[in-house]
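Q: I have a model open and want to talk through how it is put together. Can we go over it piece by piece?

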Amino acid sequence: MSSNGDTDHRTKIPKIHIHSSGESGIFANAYLVETENGVVAIDSTLTVSESKSFRSQLDNLGKPLIAVILTHAHPDHVAGVTNLVQSSSTSIPVIALESVERLMRSTEELKRSIWGPIYKEEWISKWTYPNQLLKDKEEVTFDEITYRVHDFGAGGDSDANSIWILEKEPRIAFVGDLMFNGTHSYIADNHLQDWLKNLDKAHGLLSDISTIYPGHGKPGSMELIESQKKYLIAYSDAVKELSSGKPKLTDDTKKQLTRKMEEFLPNAGLSFLIAHSSDAVAAELASIK
Ligand SMILES: [Zn+2]
């Protein structure tokens, strides 16, 4: 309770709530940006259980959902939209880059065919697609907070990646899977070189950002960019050495790669991704010789 006129200013600074999924939700983050009159969700989790728990976290705030913003099209970030919006009484804007929406539409069936049999009843059977599409550097405003999207194209962990910046001091950024913090990275979509270039681009864009909210792991600052670069370079060097220029690793060299990267990033989650990404990276490295 302030009488100096600061109250209005302070109450308009958003409060960020993190939903960190468990291992079965691939440790994916989704976020709730709470302002005075409502809540904007950034991403939406993977499974039925996680997305319902994310919705409960929203309901506990006692404020309406006013929009959902998506960073990229991978299931661990977009599948949960269906459960997130279905109990809202009004139609909720679901916002993404055009490229992210296209990628969701073109990959939903493929992802279902691969992961549905593994996740069974936890797989969300019908995705909810974005209904408001933006282009690079366009913005949306909710409850007096402006969210601007930056199109990073391919290179991050998917074919279409974006960074969303809240244009309000102190400025913060949601970077999706351009950065993983404290887990192994998914590098199976053939864009390791583009990803490294994008991290340099992100360095310029995020230089005055106070907090970076990644797609997996704890929030941080600019050091997240450097540690992601170091991880990708270590991974790439290890694959280069073990593949001897061939576009695939053997079962044995995949095991060696896993050991190497577990040494590089000890006690980190998602170590199954190390072998999972290896052939894609070997093929990419072989193709640029
Ligand atoms: Zn992810």
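The chat below covers a sheet, one serine and a pair of helices.

A: Before we start, this is a predicted model: local features need pLDDT of at least 70, side-chain atom pairs count only at pLDDT 80 or more, and totals for chains, interfaces and linings use all residues. Residues are numbered from 1 along each chain as its sequence is written, and side-chain values use heavy atoms, with hydrogens and water left out.

Q: What is the strand order in the open sheet of six strands?
A: The order is S1-S2-S3-S4-S5-S6, and the pairing is mixed. Helices (H or I, at least four residues) and strands (E, at least two) are DSSP runs numbered from the N terminus, and two strands pair if DSSP finds at least two bridges between them.

Q: Which strands stand at the edges?
A: Strands S1 (15-20) and S6 (132-134) do; each has a single partner strand, so one side of each is left without a neighbour in the sheet. On average, neighbouring strands of this sheet are turned by 20 degrees against each other, direction ignored.

Q: How many bridges join S5 to S6?
A: Three, and S5 (residues 94-97) runs parallel to S6. In one of the pairs, Ile95 has Gln132 in S6 as its bridge partner.

Q: And which strands does H2 touch?
A: Helix H2 (residues 48-60) packs on the sheet against S1, S2 (29-35), S3 (38-42) and S4 (65-69), where contact means heavy atoms within 4.5 Å. Its direction makes about 155 degrees with that of S1. Axes are lines fitted to C-alpha atoms, for helices over the stretch in contact, and angles run from 0 to 180 degrees between N-to-C directions.

Q: Where does H5 lie?
A: Helix H5 (residues 98-119) lies across S5 and S6, at about 100 degrees to S5.

Q: New topic: is Ser162 buried or exposed?
A: Ser162 is buried, with a relative accessible area of 1%; buried means under 20%, exposed over 50%, partly exposed in between (1.4 Å probe, protein chains only). The residue sits in strand S9 (residues 161-166).

Q: What lies 2.7 Å from a polar atom of its side chain?
A: The backbone oxygen of Thr71. Not counting residues up to four places away in sequence, Ser162 touches several residues, including Leu97, His150 and Phe174.

Q: Last one: at what angle do H6 and H7 cross?
A: Roughly 160 degrees, and the axes of H6 (residues 192-205) and H7 (residues 223-243) come within 10 Å. That makes H6 roughly antiparallel to H7 (under 35 degrees counts as roughly parallel, over 145 as roughly antiparallel, 65 to 115 as roughly perpendicular, the rest as oblique). Residues making the contact include Trp195 and Leu199 of H6 and Leu232 of H7.

How values were computed. A polar contact is a pair of N or O atoms within 3.5 Å; within protein, one must be able to donate a hydrogen and the other to accept it, and residues adjacent in sequence count only if both atoms are side-chain atoms.
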